[in-house]
Amino acid sequence: MTNIGLIISFLVIGVGLLWLFILALKGREVDRRIIFIFIGLAVSVPLLFRISFSEKATPIVRDVFYKIENLPEGSNILLSYDYGPSMAPEVEPMSNAFLRHALAKNHKVFIMCLWATGQSLIATAIDSIIKREFPEKINGVDYINIGFKAGGQGVLNVIITDFRKMYLTDVDGVNLDSVPIFKGIKSLKDMDLLISIGGGFPGVKEWILFAGAPGNIPTAGGSAAVAAPLLYPYYPKQMVGLLGGIKGAAEYESELKKVYPQFANMPTPGIAMMGPQTLAHLVVMAFIVIGNIAFFVNRRRKP
Amino acid sequence: MKKQVPLTITFIVGVVLILSVFFPPVETWGEDFSLFFDIIAVFAFFLGGGNLIRVHTERIAKKKKDWGFSIITILGFLIMLAAGLFKLWNPGDISADVAATGSLFQLLYDWMFNPLGATMYSLLAFYVASASYRAFRAKNRDATILLIAAFIILLGRTPLGMYATGWIPESFSVLQIPNLAIWVMTSPNLAGQRAIMIGIALGVVAMSLRLILGVERTYLGMDID
Amino acid sequence: MDCTGKSQKYTYIAILTLFLSLLLIISSANAVNSEVLVEDTTSAFIPNAPTYVTATDYKYDRGESAIVKWQLSSDDNSTGKITGYEIFRSEADADNFVSIGVVLPGENSFRDKSTENGVSYIYGVVTLYNGRTSQMVLSEPITPGTEIVNWNLLNLFIIGLLIAGSVIFFITHAKRGKKLFIRKIAGLEAIDEAIGRATEMGRPILFIPGINDMDDVQTIAGITLLGRVAKVVADYDIKINMPVARSIVMTVGRETIKEAYVSAGRPDAYSDDMVHYITDEQFGYVAAVDGIMVREKPATCFYLGAFFAESLILAETGNSVGAIQIAGTAMPAQLPFFVAACDYTLIGEELFAASAYLSNEPKQLGSLKGQDVGKFMAMMAIALGVFGATIAEAWGGSFFIWLDEFMHRLFTITN
C-alpha cells in the first residue's frame, strides 16, 4: 500500500511540479488554485497511503527520552495535560508517547491538568492507552488521575509544598491517603520528573517557573510548534528537554519504537503526520523555487 | 458637552488606572473599572444580536441578493439560543449545566460548531502555501535572506533536514538543519520579535497618553478633517 | 547521741544523690541527643524548633499581606532530617492558631496573603519531620496596614515618568511650531491611493477593526484610522462596509462614520447598515467576512486592529478578489502573515502612530518624538546590560558585575 502510495504521489506531484517548472521557465505564474490542489494532494496522499519517514531524535528530544529511560524503575513521573481539544491534534501524540514510555518503564504516573479542558482528554488517554495497552496497571497503584484544579500557577505554588492542600482525593473521590501510589508523596518535590504538555497559559513555562526551578525538580515539556520558540531559552538549564510541535512528537515516537520493540505496532500519529508535513513542505519549497524562476525570467525579459 | 463628557470620563478612568498600579489604596478602583467595562460589554450583546436579526430579517423580507443564506443565519442563531436558554434535551433541569453531555447544545457544539471551526482553521494550510509562493521572491538582499531562512525552517521541520545534513559531525551539529532551524527560531527570530514588542509597548504608551490627555479624539468623531 | 553528725551525714548523702542524679540526667540527655545525631529514624526524634521568628507587614499593599521570617532549625542542614516548616497564625487577642502554609527545608520566609487591614496577628512556626512537629516559636504581634505608595515599583515609576514625560514634553514643544521630521510610512501614504482606486472601480471598501473589543488599544487605533478613512469615503461618495465582531465596536464605529459624513456635509448618505455585527466567534466571523469579500469584491481592504489565526485567511481571500490591502496590527505573531499577503503593512507601533501621522497636527506628531526617546532609552539599556553581562561572565571585574546586577535590579519588578 505504501509503495503504491509513494509511486502515485511521486508521479502526480513530481510530474505536476515538473510541468509547472517548465511553465515557469517560460515566465508563467502559477494559479493559486493549482497550488491548493497540490497541497491537498501532498496532505491527503501520505495519509491515505500511510507514507511515513523515519525520524532521528534531535538532542532536545533525546534528552527527555533518556531522562525517562534512565530513571530507576518505579520513579515518580507527573504528567500535566495543559491543553484543550483545539491543540490536541498537535500535542496528543506527545502525551500518549510519554504515557506509554513511563508505563513501559514501570514508573509511577501521576496525571493532572491545569486546564479544565484537559480533564476529558485525560479520561480519553486513560481509556485508550492505559486500559487498552497496559491492562495490568492498576489505578491507584501504578497510575493515578488527580484531575483539574483552578488557579493556574497558584495551584503549583501550593502543591510544590503539599499536594493535600489542593488535592484531597483523586477524580473518583478516593482519598489520596488511602491510595498506595500516594504513600510517601507529600509534594511535587517527591516527583522525579515533571512533564507539562500544552502550548498556552498556564503551560510549560509556568511549570518551569513555579515548580521545576524553585523546587529543583527536573522538568520537561511538550509544546505546540508555535509556542516552542519561547521555551527554547530554558533548555538545558531549567528544562531537561522539549518536544516542539508534531516534529518533536514524531522524533519521540521513533525513539520509543527503536528502544522498545513491543511498541513496533503502536499507533504513531506523530510519525504519520510527518508524512503530510514533509510532503507539504517540499511542495511549498518547490513552489517557492518555481515562483522565483518565473520572477527572474520575467525580470530578465523586461526591458 | 456631548464630547466633553466622554473626554472627561476617559481622563478620569485613565488616570485612576495608572494610579492604581502605584498606590495600593486605589488598587481596587482599577479592578472595578475593568469590571464596569465587562458589564457594559455583556449588555452590548443584546445590541449585536438584535442588529444581526434585524439585518437578516430585512434581507429576507425584501428578498435581497442571497437572502436564502439569511434564513440559515437566523435559524442557526435561534436554534442555538433556544438550545442553551431552555436546556433542550438536557438530562438535567433548567438549572443544569448548559453543556451537559447529551444536551442539544453540546451536540450542536460537538457535531457542527467544532467541525466548522476546524474547517475554517484548515484553510490556513492552503493559504500558507499560496502566500509563500507569492511572498518569498529573492527581489533583494533582505528578501533573499528571508528566503534562505524559510528554506531552513521548512526543511528543519521535516525528517529530510536530518537526512540531508545528518552526516555533519557532532562537533558541528549546529549546522545540521534541524538544529539550525531551532537556532534561527531562538536567536534572530526571537530577537526580532522582542524588538517589535518593545516598539509596540512604547507605541501603546504614547497612544494611551494621547487618549487620556484628549489629544487624540478621532474615535469620538472629532477632529476629522 | 550525736544528732548533728547524723544530720550532716544525711545531708551529704542527699547532696551526693542530687549531684549524681543531675549527672545522670545530663549524660542521658547528651546520650539522647547524640543518639538523635547518629540515627534520625528513631521514633522519638523531635526536630529542633526554628528560632527568632519575626513577622512584619508586607510592603506595599492594602494590609493584605504579612511576611514571616525565622532562623532555620539547627536540624535543617540539607541532609533530609526535616521535611519543612509549617506556619500558623492566630489573631492577637485569641488563641486559635490555624495552619496557613508549609514551606520546604532551607526556606526561612513565608508570605501570608490573607491578612486583613488593621487586624493584629501572631505567627508561629514549627519544624516538621514525618508528621512530628517541634515546639512552636511565636512572633511578636503585628498589625498589617495600608501603605499609600508602592515603593517596590519606584523603578517602573521613574522609567514610566521619563517616557511619559518625554511624550508630553515633545507635545508641548511641537505646539510652539517647531517642525518635526517623521519618516514616511508607506502604508499610510497609500491610504488615499487605495480609496481612490475604490472610487475609480466603483467597488466598496471593507474595513475590519480586528476581533478584540474596545478595551484593546489596537481596536482604538483602528477606529481612529476609521475616522480618517471614513472622511475620505464620505467625500468621494464610496460605499464602506464594516463587519465587526464586538457589539461595542459596532456602536463606536457607527458614531465615527456618522460624524465623518456629517463633517463632509453629507449626513443623508450615512446608513447604520454600513457597520453591522456578525458574531463574537473567531472563525464564524472570518467565514462571514470571507463571504462578504467574495460576493462584494471590495476594491480596498483595511485590516487595522488585533488579529489572531484568522489574519492569513482574511488577507489571502482579499488578495484572491484583487483588492488592495492595507493591514496594521500589534500582534507580533500575525505580522509575518500580513507582510506576506498584504500590499502594505503597519508594523506594531506604526499602527499607533497612524492617526498622528495622518492628522499632521504638531501635538500628535510630538508624541511620536517622545516615543522615540523611549526607544533610545531601551536601546541604551539593552546595550549597557548586554555589555555588562558579557564582560562580567567572560572576565569578571567588580564594575561589570555591579553593572550587570544593577541593570537586572533596574528592570526587575518585585511585587
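Contact, in my notes, means heavy atoms within 4.5 Å. This is a predicted model, where local features need pLDDT of at least 70, side-chain atom pairs count only at pLDDT 80 or more, and totals for chains, interfaces and linings use all residues. Residues are numbered from 1 along each chain as its sequence is written, chains are lettered from A in the order in which they are written, and side-chain values use heavy atoms, with hydrogens and water left out.

**Chain B against chain C**

I looked up the contacts and found 60 residues of chain B touching 76 residues of chain C. Next I checked buried area (the accessible area, 1.4 Å probe, that two parts lose on being put together, summed over both). The two chains bury about 5,500 Å², with 70% of it on carbon and sulfur atoms.

Then I went for salt bridges (a side-chain nitrogen of Lys or Arg within 4 Å of a carboxyl oxygen of Asp or Glu). Chain B and chain C have four between them. One I noted joins D66(B) to R295(C), at 3.8 Å from N to O.

Which helices of chain B each supply at least two residues to the side that touches chain C? I got α1 (4-22), α2 (27-61), α4 (104-135) and α7 (177-212). Helices here are DSSP runs (H or I, at least four residues), numbered from the N terminus.

By class, I have 38 nonpolar, 11 polar and 11 charged residues on that side of chain B. Nonpolar covers Ala, Val, Leu, Ile, Met, Phe, Trp, Tyr, Cys and Pro; charged is Asp, Glu, Lys and Arg; the others, Gly among them, are polar.
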